[in-house]
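Hi there,

Here is the structure I promised to pass on to you. Have a look at it first, and then read my notes below.

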Amino acid sequence: QVQLVESGGGLVQAGASLRLSCAASGRIFSINYMGWYRQAPGKQRELVATITSDGSINYAESVKGRFIISKDNAKNMLYLQMNSLKPEDTAVYYCKANLITRQLSPRSEYWGQGTQVTVSS
């Protein structure tokens with residue numbers, strides 16, 4: 001029904017920048033919020049940043065001032081600009097969408113398959 005596809009990950013050196021993208025497609029009536037999450041090896045998945053339909057943004061303390069989340073409503077795209085990357089940012093980054101697939105249906109959550117970000121020191 002709904003697919004989320006992330007792209008833009010890669011291997012970079014500390015201090016570099018990367019831009020992640022997430023394309024949402026399929027049966028989408030409206031999106032409540034979208035967000036980026038990450039999971040490092042041996043750790044639980046954690047929130048990186050979220051953005052609501054009205055543009056309210058929330059960042060994890062560890063990325064404030066370095067990462068910028070944005071969206072293109074017309075294209076159902078989500079972005080994460082990551083600057084001043086650190087080795088501790090190394091993780092698989094996942095896109096999540098909380099949305100409604102048709103009018104009056106309950107909200108559902110969907111996840112992408114993830115994209116690897118590796119930051120070398």
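**Around T115**

Apart from neighbours within four places in sequence, T115 is in contact (heavy atoms within 4.5 Å) with E6, S7, G8, G9, L20, A91, V92 and Y93. This is a predicted model, where local features need pLDDT of at least 70 and side-chain atom pairs pLDDT 80 or more, while totals for chains, interfaces and linings use all residues. Residues are numbered from 1 along each chain as its sequence is written, and side-chain values use heavy atoms, leaving out hydrogens and water.

T115 belongs to strand β11, residues 115-120; strands are DSSP runs of E, at least two residues, numbered from the N terminus. Is T115 buried or exposed? T115 counts as buried because its relative accessibility is 10%, and buried means under 20% relative accessible area, with a 1.4 Å probe and protein chains only. A polar atom of the T115 side chain lies 3.2 Å from the backbone nitrogen of G9.

E6 has C22 in β3 as its bridge partner. β1 and β3 run antiparallel and are joined by 6 bridges; two strands pair if DSSP finds at least two bridges between them.

Enjoy exploring!

Terms used: Helix = DSSP H or I, 4+ residues; strand = E, 2+ residues; numbered from the N terminus. Buried < 20%, exposed > 50% of the residue type's maximum accessible area, 1.4 Å probe, protein only. Polar contact = N/O pair within 3.5 Å; in protein donor to acceptor, adjacent residues only side chain to side chain.
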